[in-house]
Amino acid sequence: VEAGAVLDRRLLELLACPQDKGPLELLDGGLLRNPRLKVVYPVEGGVPQLVQAAARAATDAELARPTLAVGPR
């Protein structure tokens, strides 16, 4: 399931990175990106895995990838 299909704008606005408490960006492929720390978090079954242990370093391609548009509030 693509992350954009299950995360709406309201939820995305509420989510924050557990490491720096800043906003996250939604990418295709079921990922939430923190460009400040250059990490990504998975979205599994529509559930963001926002624990530091689930984070991994973002690839250069993931850092360059545009964000997805999300649904209305």
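**Exercise 1.** Is E25 buried, exposed or partly exposed, and at what relative accessibility?

*Solution.* We are working with a predicted model here. Step one: read off the value for E25, which is 26% relative accessibility. Step two: compare it with the cut-offs, where buried means under 20% and exposed means over 50%. Step three: E25 therefore counts as partly exposed.

**Exercise 2.** Find the salt-bridge partner of E25 and classify that partner by accessibility.

*Solution.* Start from the distance: the closest N and O atoms of E25 and R33 are 2.7 Å apart. The cut-off for a salt bridge is 4 Å, so the pair E25 and R33 qualifies. Next, take the accessibility of R33: at 5%, R33 counts as buried.

**Exercise 3.** Locate the two ends of the salt bridge between R36 and D20, then classify both residues.

*Solution.* First, the contact: R36 and D20 have their closest N and O atoms 2.8 Å apart. Then the location: R36 sits in the loop between strand 2 (31-34) and strand 3 (39-44), while D20 belongs to the loop between helix 2 (9-14) and strand 1 (25-27). Finally, the accessibility: R36 is partly exposed at 42%, and D20 is partly exposed at 29%.

Notes. Residues are numbered from 1 along each chain as its sequence is written. This is a predicted model: local features need pLDDT of at least 70, side-chain atom pairs count only at pLDDT 80 or more; totals for chains, interfaces and linings use all residues. Side-chain values use heavy atoms; hydrogens and water are left out. A salt bridge is a side-chain nitrogen of Lys or Arg within 4 Å of a carboxyl oxygen of Asp or Glu. Helices (H or I, at least four residues) and strands (E, at least two) are DSSP runs, numbered from the N terminus. Buried means under 20% relative accessible area, exposed over 50%, partly exposed in between (1.4 Å probe, protein chains only).
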